Amino acid sequence: MTHVLRRPKIWTLLMSAPVLLGASQPPGTPPAPAPAPASPADLADAPVTSSEITPFIQPFDLDATRRMSVQVMVGGQGPYSFLVDTGAERTIIARELADRLGLVEGGKLRMATIGGSATVPSFRVAALQMTNLSMHGFDAPSFFGRHIGAAGLIGVDMLEDRRILIDFTKESMQVLETRKRARPIIRDDDAIVVTARNSAGRLILSDARIDGRRIDVIVDTGAQTSVGNLALQKLVADRRANRLPFLPTTLGAVTGEAVPATRTAIKRIIINGMDVNDLPVSFADSQAFRALGLTERPALLLGMDSLALFDRVEIDFPNKRVVFDLPDGASRATGQRFAANFAKPAS
């Protein structure tokens with residue numbers, strides 16, 4: 001059975017400001033109305049004891065870019081709002097927060113961003129804890145919080161031995177222990193199970209195609225909308241797979257720079273038998289793709305606007321598997337699955 005996801009209000013989505021890899025919104029975009037503010041100056045001052053840490057089932061805030069943030073403790077202080085970013089190789093701390101906590105500066109680190117490569121300072125973090133998930137004694141790269149949009153990012157270095165269960169209907173997230181050959185948590189009849197391969201900690205979906213041509217797809221919870229490389233842009237143009245004209249836009253990088261890009265909506269992407277229709281995508285010549293060795297093959301970072309089409313998404317890093325739970329209320333007319341009523345345009 002073919003599963004189809006259709007996206008309404010394409011022009012509204014097309015003109016929405018894209019954000020990638022924890023990037024802030026471009027200048028002029030209204031600030032995110034998140035309860036947990038991004039500015040370290042507004043974060044809680046008083047230390048919180050371990051008994052006060054947020055529950056194991058993590059409630060998350062969806063900011064104006066539809067990215068997820070959770071509450072974490074840094075060296076026993078906090079909690080502070082960090083974005084969960086499955087597209088980021090390393091956990092990152094905002095420079096303002098590092099200064100505020102008096103963290104010791106480490107060596108300079110070379111990081112790949114949407115705009116290119118950047119040499120950034122690092123800070124020694126004694127411990128970072130989110131309920132029973134913790135990482136101790138590591139050097140965290142640092143960017144300004146006003147560009148990250150939060151006090152930091154939780155990257156795959158903290159998640160690589162776990163699985164994430166995101167429930168969009170309840171706006172909650174669980175970071176769970178797992179083991180090799182563990183069964184999926186989502187086992188509904190209408191769930192789509194997609195196997196993946198691992199590249200630098202990221203999961204690349206193994207069966208995705210545009211007009212019969214295989215493409216690489218990375219689930220990226222740190223991106224508001226989906227971003228493709230130039231090879232994907234060429235494929236879409238050559239196959240006339242774009243629903244709308246290519247238009248110029250910009251992407252905001254974590255370094256604060258505005259990266260030129262091109263934007264359209266792709267008519268149809270098939271992921272393991274599931275159709276995603278009219279998907280807004282920006283295309284950029286990004287160092288992030290080069291760092292993953294994804295320049296020759298068409299590649300796509302699948303952002304939060306697409307993930308939020310589903311009731312639940314399970315990302316299991318050790319088992320290299322992503323499970324998509326289609327909305328319960330979608331129509332089964334003519335043997336197809338439609339999710340138009342569940343698509344939410346980006347703010």
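Arginine 181 sits in the loop between strand S13 (172-177) and strand S14 (191-199). Helices (H or I, at least four residues) and strands (E, at least two) here are DSSP runs, numbered from the N terminus. Keep in mind that this is a predicted model, where local features need pLDDT of at least 70, side-chain atom pairs count only at pLDDT 80 or more, and totals for chains, interfaces and linings use all residues. Residues are numbered from 1 along each chain as its sequence is written, and side-chain values use heavy atoms, with hydrogens and water left out.

**Positive phi in loops**
- Arginine 181 isn't a glycine, yet its phi is positive, near 65°.
- Arginine 181 is also exposed, at a relative accessible area of 74%; exposed means over 50%, buried under 20% and partly exposed in between (1.4 Å probe, protein chains only).
- Asparagine 272, in the loop between S21 and S22, is another residue other than glycine with a positive phi, near 50°.
- Asparagine 272 is partly exposed, with a relative accessible area of 32%.

**Helix H5**
- H5 covers residues 230-238, and its buried residues are Ala231, Leu232, Gln233, Leu235 and Val236.
- Among the elements covering those buried residues are strand S16 (208-210), strand S19 (226-228), strand S21 (258-271) and strand S22 (274-283).
- After H5 comes arginine 240, with a positive phi near 50°.

**A cis peptide bond**
- Glycine 78 and proline 79 are joined by a cis peptide bond, with omega about 5°.
- You'll find proline 79 in strand S5 (residues 77-84).

Note on methods
Contact means heavy atoms within 4.5 Å.
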